[in-house]
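Subject: A structure for you to look at

Hi,

Here is the structure I promised to pass on to you. Have a look at it first, and then read on for what I found.

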Amino acid sequence: EFQRQFVTMIGNVPRLLSFIGGGVFIAILLACVNTMLMTGREQTHDIGILKALGFKDATLFRVMIVQSMILCVLGGATGIGLAALSAPVISPLIQQFFPGYNILPETMAIAAVITVLIGLFSGLVPAWNASRLRCVEALRSQA
């Protein structure tokens, strides 16, 4: 009863954590999109060379999507791994204030799915731009 009252004194903790989680999600999404857009711009000349060598637009689209997926999956796997490793250490410390705290396998699965979705979403625009880019324009882009 004391713990329940203590948590209610703190306020609506789940809602606060949801807002923080939403903000972190948006920040990560924008960082991934920005990174992929910069990567697409920096690789314009390389894309032109690949097109000159005969690579198809669909192949370049897939290459950009795979780059985005690698970026996001490595970051997501690192975060999920650190959460899994730190949960046994942090859980006993937090249990006295927030009983029942633990990281469920379902939560990690949801995080993995969100990681893949962020990877796909952040790679769409650069992949689309790479597939639509003309060879001559791409080769001319770097002086």
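This is a predicted model: local features need pLDDT of at least 70, side-chain atom pairs count only at pLDDT 80 or more; totals for chains, interfaces and linings use all residues.

Thr115 has a relative accessible area of 13%. The cut-off for buried is under 20%, so Thr115 counts as buried. You will find Thr115 in helix H5, which covers residues 105-132.

What does Thr115 touch, once residues up to four places away in sequence are set aside? The answer is Cys72, Val73 and Gly76. The side chain of Thr115 also reaches the backbone oxygen of Ala111, at 2.8 Å.

Now for a second residue, Gln67. This one lies in helix H4, made up of residues 57-95. With a relative accessibility of 27%, Gln67 counts as partly exposed. Leaving out neighbours within four places in sequence, Gln67 is in contact with Met36, Thr39 and Gln43. With one of these, Gln43, there is a polar contact from side chain to side chain at 3.4 Å.

Along the principal axes, the C-alpha atoms fill a box of roughly 70 × 25 × 25 Å.

Contacts and surface come next. Among contacts in the chain with a separation of 6 or more, 86% are between residues 24 or more positions apart. Of the 143 residues, 20% count as buried, and Thr115 is buried too, as you saw above. The chain exposes about 9800 Å², and carbon and sulfur atoms supply 72% of that area.

Last, the charges. The chain has 9 positive and 6 negative side chains. How far apart do the centres of the two sets lie? They are 9 Å apart.

Enjoy exploring, and write back with any questions!

Best wishes

Note on methods
Residues are numbered from 1 along each chain as its sequence is written. Side-chain values use heavy atoms; hydrogens and water are left out. Buried means under 20% relative accessible area, exposed over 50%, partly exposed in between (1.4 Å probe, protein chains only). Contact means heavy atoms within 4.5 Å. Accessible areas come from the Shrake-Rupley method with a 1.4 Å probe; for residues, only the protein chains shown count as cover. Lys and Arg count as positive and Asp and Glu as negative; His and the chain ends are not counted. The place of a charge is taken as NZ of Lys, CZ of Arg, CG of Asp or CD of Glu. Helices (H or I, at least four residues) and strands (E, at least two) are DSSP runs, numbered from the N terminus. A polar contact is a pair of N or O atoms within 3.5 Å; within protein, one must be able to donate a hydrogen and the other to accept it, and residues adjacent in sequence count only if both atoms are side-chain atoms.
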